[in-house]
Amino acid sequence: MISISKLQFTYRDSPFSLQIPELNLAGGQSAVIVGPSGSGKTTLLHLMAGILSATGGEIIVGDTSIHKLNDVDRRLFRLLNIGLVFQDFQLIDYLNVLENVLLPCRLNPSISLTEDLRARAIALLTSAGIQSLQNRSVTRLSQGERQRVAICRALLLSPKLVLADEPTGNLDPATTQRIVQLLLQETSRSNASLVMVTHDHSLLPSFDRVIPFEPFVYGTHSAQSPSGVDS
Ligand code: ADP
Ligand code: MG
């Protein structure tokens, strides 16, 4: 469902570089990325989502080579096929909880807001334990509640690829377990691939694959390849 080959990336104004020779994840499979701050975990998720453009190599999601799409098509492809939980959530402050979860319908003219979708949004909020907050402004939520809204929004359209950047960073251990199980169950049910970043090593056994990222050392120009990828 996601296939990476010979991926290379550098930021224009930073010495950081990322190289991934090969990484394949089938539908229904889950992978977790662990590694220190600054090692490139968020960068890889943004490359997988087509938010950043690769400097070399290829990323195929389903059967689409995402970096070959033009900007408009890539954005549409992302809206329909990729669920993203950003590290900073990226909720819309002037919308309430339910409206934030339903945002993918507003952003994508090809999806109409049906009663079924509204019911799914509420079911996801219930599974995440925040159904009672559905009419509340997201500006009046705790960090952990905001995080759960972002997770429900990412799962709404049952995307084929779910990318979650430290989605349990602000949650207590019990809620963390609940949220990780929600992500795993939802992606398994829709035969989607899940890639999650975490610092919580107690979560690793729940995933099919563990991808450890090595610290990036500035001042060297050596290739950096996260270990644990297929090569
Ligand atoms: P992680 O998520 O593992 O903490 P990131 O992927 O956010 O790491 O960042 C990897 C490195 O890339 C960081 O050390 C940072 O200096 C650099 N970096 C991140 N975002 C940018 C950017 N927009 N422009 C330039 N450099 C960046
Ligand atoms: Mg990060």
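## Report on the predicted model

T198 is buried, at 3% relative accessible area. Here buried means under 20% relative accessible area, exposed means over 50%, and partly exposed lies in between (1.4 Å probe, protein chains only). This is a predicted model, in which local features need pLDDT of at least 70 and side-chain atom pairs count only at pLDDT 80 or more, while totals for chains, interfaces and linings use all residues. Residues are numbered from 1 along each chain as its sequence is written, chains are lettered from A and ligands numbered from 1 in the order in which they are written, and side-chain values use heavy atoms, with hydrogens and water left out.

**Surroundings of T198**

T198 is placed in the loop between β8 (193-197) and β9 (209-212); helices (H or I, at least four residues) and strands (E, at least two) are DSSP runs numbered from the N terminus. A polar atom of the T198 side chain lies 3.0 Å from the backbone nitrogen of D200. Beyond its neighbours within four places in sequence, T198 contacts V32, I33, V34, T168, L203 and L204, contact meaning heavy atoms within 4.5 Å.

**Nonpolar cores**

A nonpolar core is a set of buried Ala, Val, Leu, Ile, Met, Phe, Trp, Tyr and Cys residues joined through side-chain atoms within 4.5 Å. The largest such core has 40 residues, and L183 and F207 have the most contacts inside it. Two or more residues each are given to this core by β3 (30-34), α3 (97-101), α5 (115-127), α6 (143-155), β7 (161-165), α7 (173-189) and β8. The largest share, six residues, comes from α6. Leaving aside neighbours within four places in sequence, L183 is in contact with I151, L155, V162, A164, P167, L194 and M196. Apart from this core lies another, of 31 residues, among them I4, I33, L44 and L52.

**Strand pairing around β1**

Two strands pair if DSSP finds at least two bridges between them. Strand β1 (residues 2-10) contains Q8. The pairings of β1 are tabulated below.

| Pair | Sense | Bridges | Bridge partners |
|---|---|---|---|
| β1 and β2 (residues 17-25) | antiparallel | eight | T10 and S17 |
| β1 and β4 (residues 56-61) | antiparallel | five | I4 and I59 |

β1 and β2 form a hairpin, with six residues between the two strands. Q8 is partly exposed, at 42% relative accessibility. Not counting residues up to four places away in sequence, Q8 touches L18, Q19, A54, T55 and G56. The C-alpha atoms of Q8 and G28, 20 residues apart along the chain, are separated by 26 Å.

**Confidence**

The mean pLDDT of the chain is 92, and 94% of its residues reach 70 or more; pLDDT is the predictor's confidence in each residue, from 0 to 100. Among the elements of the chain, α3 has the highest mean pLDDT (98) and helix α4 (residues 103-107) the lowest (91). Over residues 220-224 pLDDT stays under 50, and the model has nine contacts beyond four places in sequence for this stretch. Where pLDDT is low, the predicted coordinates should not be read in detail.

Conventions. Polar contact = N/O pair within 3.5 Å; in protein donor to acceptor, adjacent residues only side chain to side chain.
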